[in-house]
Amino acid sequence: MENSIKPFSYETFPVSGLVAYFSMEIAINPLMPTYSGGLGMLAGDTLRSAADLGVPLVAFTLAHRKGYFQQHLNGSGEQSEEVQPWNPSDFCKEEPARITVSVEERVVTVRAWRHELVGRYGHVVPIYLLDTDLDENAGLDRGLTDHLYGGDTNYRLQQEIVLGMGGARMANALGLTVNVYHMNEGHAALLTLALLEGQLGGGPLGAATESDIAQVRRKCVFTTHTPVPAGHDRFSMEQASRILGGDRAARLEKLGCFHEGLLNMTLIALRFSRYANAVAMQHGKVSRAMFPEFPVDSITNGVHAPTWVCEPVQQMLDAHVPAWRRDNLYLRNAIDLPEQEILKTHMRAKEVLLAEVASRTGLVLNPRVLTLGFARRAATYKRASLLFTDPERLLKIATQAGGLQILYAGKAHPQDIPGKALIHDVIEVARKLSNDMLRIVYLENYAWDLGALLTAGVDVWVNTPRRPYEASGTSGMKAALNGVPSLSILDGWWIEGCIEGVTGWAIEDGADDAEESVSLYNKLERAVVPLYRDVPEKWGRLMRTTLAFNGSFFNTNRMVKQYTRNSYYPVNLIEPAKVEEAAYAD
Ligand SMILES: *Cc1c(COP(=O)(O)O)cnc(C)c1O
């Protein structure tokens with residue numbers, strides 16, 4: 001055999017080596033309350049696509065035995081919260097392995113529950129849910145893995161020790177040989193510390209050399225998810241020293257992981273990663289400006305198509321583009337679907353949604369009336385009330401449209417007082433404005449099931465974030481996969497997804513909220529309403545191009561392939577010897 005290296009081909013590309021994916025939240029299935037919103041959904045969709053594609057991957061998260069929270073809204077729009085206790089043994093198998101982490105100098109024992117996510121062709125992605133609810137732990141430590149995003153910053157840092165350091169040690173204890181550690185957001189950044197300590201064989205961190213750090217960096221990759229500063233976890237030196245230990249805190253400070261006197265989890269992740277990415281093109285630009293010392297690539301988010309395409313649309317696609325589940329790129333061929341069939345199929349999805357609205361609220365909405373959807377976390381930058389800036393004008397548009405229905409949903413974090421006030425305002429205005437022509441409904445407890453019904457069943461998906469705070473957004477992608485166009489601010493994914501009049505419409509940038517609301521009204525009045533009301537065939541064509549153009553790209557099937565090629569197994573890092581070895585392995 002000649003000693004030369006075979007030219008590159010996909011057959012010989014060594015997609016090998018286990019990836020360990022770390023995420024504070026993962027939406028595993030609708031019955032497990034282990035997620036709060038977009039980050040968890042993205043993590044779950046990533047794992048579902050990894051399972052479908054056969055990527056060798058395992059995931060680590062916390063058990064969150066009390067869940068996030070169930071939202072209740074009273075008549076005047078005040079939110080109250082209820083815990084969501086669940087039993088891991090109903091969905092997972094307990095692993096015999098035990099590891100320990102040190103938290104405030106206490107030894108905390110951690111176990112793992114294994115849940116198996118099975119892909120379309122049988123490939124399994126195991127998810128390990130870490131749990132400290134064990135007899136050997138002291139009272140408070142038993143609750144460390146109870147509440148997703150609950151408690152104070154002390155609780156958060158303690159949870160991050162369990163997730164990052166605990167997860168890395170658990171992977172070891174389970175006998176896994178991990179080649180790539182993927183930190184999905186900064187919450188898991190402390191895994192790098194466990195790897196560095198492992199590298200030093202238990203010696204003092206102060207003894208770490210550049211080459212020890214380089215060894216850790218070779219294995220770690222990181223995804224940042226938000227340009228909102230509050231979304232990046234920070235802890236004081238006092239907290240870090242007390243909870244992590246003085247030696248570790250001092251070492252992290254030496255390594256430049258503090259910013260303005262605070263330990264910054266994003267900085268830890270960036271310092272210790274060989275590759276980092278943001279979650280949309282625009283978010284990459286914003287992230288590079290936030291962290292100018294680091295090269296941050298972009299891999300645009302997606303959603304898991306078979307999870308978010310509603311039953312009626314699935315049937316239509318199975319009949320016309322049967323390969324779409326295996327390879328989402330075939331959704332591009334949806335360009336050939338008959339307009340009438342799309343309209344009829346969408347009507348079925350809309351009827352399912354409106355039946356759910358009726359059963360939840362007693363309100364009977366009209367399936368022939370233009371229906372807008374707006375559902376997301378009630379953070380103020382998302383501007384849920386932008387549509388109500390000029391109530392007179394909104395009423396006028398509703399009349400001109402022959403009726404308008406607007407469906408709202410979204411939770412505010414229990415400690416987010418402005419977010420709760422926003423929900424209250426929307427519900428208040430909704431009650432004042434609703435009449436025969438305009439119906440506004442706020443639906444309780446936005447979660448997986450309601451998200452699926454809304455994104456498939458409304459006619460237009462509306463998103464009004466304040467630029468540039470939307471990293472990506474994924475709910476509009478779910479809508480697109482059901483042929484539902486978006487009407488949105490040009491931020492996050494929509495910069496890449498918007499083709500005016502073809503996949504939806506852009507709300508134009510303005511100097512302030514008032515100006516942007518004018519653009520929102522203009523687009524509704526001049527583009528959306530006349531097309532919906534007067535030219536159904538054109539609306540059907542719009543739905544078709546939305547599905548074909550955006551469904552074929554904004555999916556996690558494409559996204560996971562980009563992660564494998566750019567982050568996990570980058571072509572430029574593969575050593576020639578490895579390529580050759582792989583070429584001759586069978
Ligand atoms: C998809 C989804 C999200 C994320 O959507 P955004 O567009 O980022 O707001 C949040 N919550 C639920 C329940 C979802 O299904």
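A salt bridge is taken here as a side-chain nitrogen of Lys or Arg within 4 Å of a carboxyl oxygen of Asp or Glu. The model is predicted, so that local features need pLDDT of at least 70 and side-chain atom pairs count only at pLDDT 80 or more, while totals for chains, interfaces and linings use all residues. Residues are numbered from 1 along each chain as its sequence is written, and side-chain values use heavy atoms, with hydrogens and water left out.

**Salt bridges**

A search of the whole structure finds 36 salt bridges. Side chains of opposite charge can pair when their charged atoms come close.

| Pair | N to O separation |
|---|---|
| Glu197 and Arg169 | 3.4 Å |
| Lys382 and Glu470 | 3.4 Å |
| Asp509 and Arg467 | 3.5 Å |

The side chains of Glu197 and Arg169 meet in a salt bridge. This pair links distant parts of the chain, with Glu197 in helix α4 (residues 191–199) and Arg169 in helix α3 (residues 153–173), 28 residues apart. Helices (H or I, at least four residues) and strands (E, at least two) are DSSP runs, numbered from the N terminus. Glu197 has a relative accessible area of 14% and is therefore buried, whereas Arg169, at 26%, counts as partly exposed. Buried means under 20% relative accessible area, exposed over 50%, and partly exposed in between (1.4 Å probe, protein chains only).

Asp509 forms a salt bridge with Arg467. Asp509 lies in the loop between β21 (504–507) and α18 (513–534), and Arg467 in the loop between β19 and α16, 42 residues apart. Both partners are partly exposed, Asp509 at 48% relative accessibility and Arg467 at 34%.

**The surroundings of Lys382**

Lys382 is placed in the loop between β16 (370–375) and α13 (391–400). With a relative accessible area of 10%, Lys382 is buried, and Glu470, its salt-bridge partner, is buried too. Contact means heavy atoms within 4.5 Å; leaving out residues up to four places away in sequence, Lys382 touches Phe374, Arg376, Arg377, Thr464, Pro465 and Glu470. The side chain of Lys382 also makes a polar contact of 3.4 Å with that of Tyr381. A polar contact is a pair of N or O atoms within 3.5 Å; within protein, one must be able to donate a hydrogen and the other to accept it, and residues adjacent in sequence count only if both atoms are side-chain atoms.

**The domain interface**

Domain 1 (2–298) and domain 2 (305–554) are given by the domain assignment of the chain, an automatic or database assignment. Their C-alpha centres lie 32 Å apart. In contact across the interface are 35 residues of domain 1 and 34 residues of domain 2. The area buried between the domains is about 2,800 Å², of which carbon and sulfur atoms give 57%. Buried area is the accessible area (1.4 Å probe) that two parts lose on being put together, summed over both. In domain 1, Gln71, Leu73 and Gln282 lose the most area to domain 2, together 19% of what that side buries.

Across this interface the rule finds one salt bridge and twelve residue pairs in polar contact, both residues at pLDDT 80 or more. On the side of domain 1 that touches domain 2, α1 (38–53), β3 (70–73), β4 (79–82) and α9 (281–290) each supply at least two residues.
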